[in-house]
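Welcome! Please keep the sequence and the 3D view open as you read.

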Amino acid sequence: MILIGNWKMAPEKERDAVTLFKKTLAIARTYKKIHFVSVVPSLHFPSLVKQKQTTLSLGLQSVASSDAIAQTGRIGAGMAKSYGARYAIAGHSERRAQGETDDDVRDQVTLLLQKKIIPIVCVGEKERDAHGWYLSMVKEQVEKAIKDRTAAQVKQMIIAYEPVWAIGSAAVREATALECREMIIFIRRIIADMYTEKDAQKVVIIYGGSVDENNVDTFVTEGGAQGFLVGRVSLDPRRFGVLAKRLATSIKA
Ligand code: PGA
């Protein structure tokens, strides 16, 4: 079970980032059955990676789609590696909204795999329609990200199903456990069709979008999620601690 906190563009101050990191670390030490990852703003990364410890992995929120130097404002996968990033998100909907395409996401995943950084590939529809067209959108996102790779590479990837309508403060609502379960089955099916059933079973598929301390357990017990990408609640150590506790209990149950 993996629990990934996506800090997005917070906190503002380095001091607050270190405090949040230490509090998250204390939570991670309490629940050993869960693998914790904090995906932090790149500017805070060096200060946090210095806090020597092994319980909590660190990741970045995005890397550039190519190694070309002429990309003002971007962070390269090679830089991420040299600073010690173990994970990186590719294709978060907030970046897709700023113009990142499926091809960009694919290229980012390629670079991350080359650098042995685990890609957390976000996929998810903007809205649902009665005819199920949204399924083709998700299918295309998954296919683009995983096609023409080795089975070993695909098994290293984490796929995060994050319906855009469920993310952030503008969320309509979180997905239901059933919607989560159906999409995880659907995504696994896509992987199985391109690789093998056995390979598909090995890919970690997680859920993200308005996950909190009250809904996390049903996403595990009924939703079939193998982990979570948590935004807002990951910035509030008190709530994140309760969420982790509920998650730990639901794995045991
Ligand atoms: P949220 O964000 O938990 O605040 O909805 C999730 C995400 O953006 O990954």
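## Around the ligand

Which backbone N or O atom lies 2.8 Å from an oxygen atom of the ligand? One belongs to Gly168, whose backbone N or O atom is 2.8 Å from a ligand oxygen. A backbone N or O atom of Gly231 also lies 2.8 Å from an oxygen atom of the ligand. From a side chain, an N or O atom of His92 sits 2.7 Å from a ligand oxygen. The ligand taken alone exposes 280 Å², and the protein buries 100% of that. These accessible areas come from the Shrake-Rupley method with a 1.4 Å probe, and for residues only the protein chains shown count as cover.

There are 13 residues around the ligand, and Lys8, His92, Glu162, Gly168 and Arg232 come nearest. A residue is near a molecule when one of its heavy atoms lies within 4 Å of it. Sorted by class, this shell has 4 nonpolar, 6 polar and 3 charged residues. Here Ala, Val, Leu, Ile, Met, Phe, Trp, Tyr, Cys and Pro count as nonpolar, Asp, Glu, Lys and Arg as charged, and the others, Gly among them, as polar.

## How to read the values

This is a predicted model, in which local features need pLDDT of at least 70 and side-chain atom pairs count only at pLDDT 80 or more, while totals for chains, interfaces and linings use all residues. Residues are numbered from 1 along each chain as its sequence is written, and side-chain values use heavy atoms, with hydrogens and water left out.

Now look at the loop between β1 (2-6) and α1 (14-30), where Pro11 is found. Helices (H or I, at least four residues) and strands (E, at least two) are DSSP runs, numbered from the N terminus. Ala10 and Pro11 are joined by a cis peptide bond, with omega about -10°.

Lys8 is in the loop between β1 and α1 too. Its phi is near 50°, a positive value in a residue other than glycine. Is Lys8 buried, partly exposed or exposed? Lys8 is partly exposed, with a relative accessible area of 24%; buried means under 20%, exposed over 50%, and partly exposed in between (1.4 Å probe, protein chains only).

## The nonpolar cores

In soluble globular proteins, nonpolar side chains tend to be buried together. In this model, the largest nonpolar core has 69 residues, and Leu3, Phe36, Ile191, Tyr207 and Phe228 have the most contacts inside it. Such a core is a set of buried Ala, Val, Leu, Ile, Met, Phe, Trp, Tyr and Cys residues joined through side-chain atoms within 4.5 Å. A second, separate core of 12 residues includes Ile4, Val37, Tyr87 and Leu229.

Leaving aside neighbours within four places in sequence, Leu3 is in contact with several residues, including Ile34, Phe36, Phe228 and Leu247. Contact means heavy atoms within 4.5 Å.

Gly227 lies in strand β8 (residues 227-230) and counts as buried at 0% relative accessibility. Beyond its neighbours within four places in sequence, Gly227 is in contact with Met1, Ile2, Ile205, Ile206 and Tyr207.

Tyr195 is found in the loop between α8 (177-194) and α9 (197-202), and at 18% relative accessibility Tyr195 counts as buried. The C-alpha atoms of Tyr195 and Ala151 are 6.7 Å apart, although the two residues are 44 residues apart in sequence. A polar atom of the Tyr195 side chain lies 2.6 Å from the backbone oxygen of Ile146.

What is phi of Lys116 near? The value is near 60°, which is positive in a residue other than glycine. Lys116 lies in the loop between α5 (102-114) and β5 (118-123), and at 68% relative accessibility Lys116 counts as exposed.

Terms used: Polar contact = N/O pair within 3.5 Å; in protein donor to acceptor, adjacent residues only side chain to side chain.
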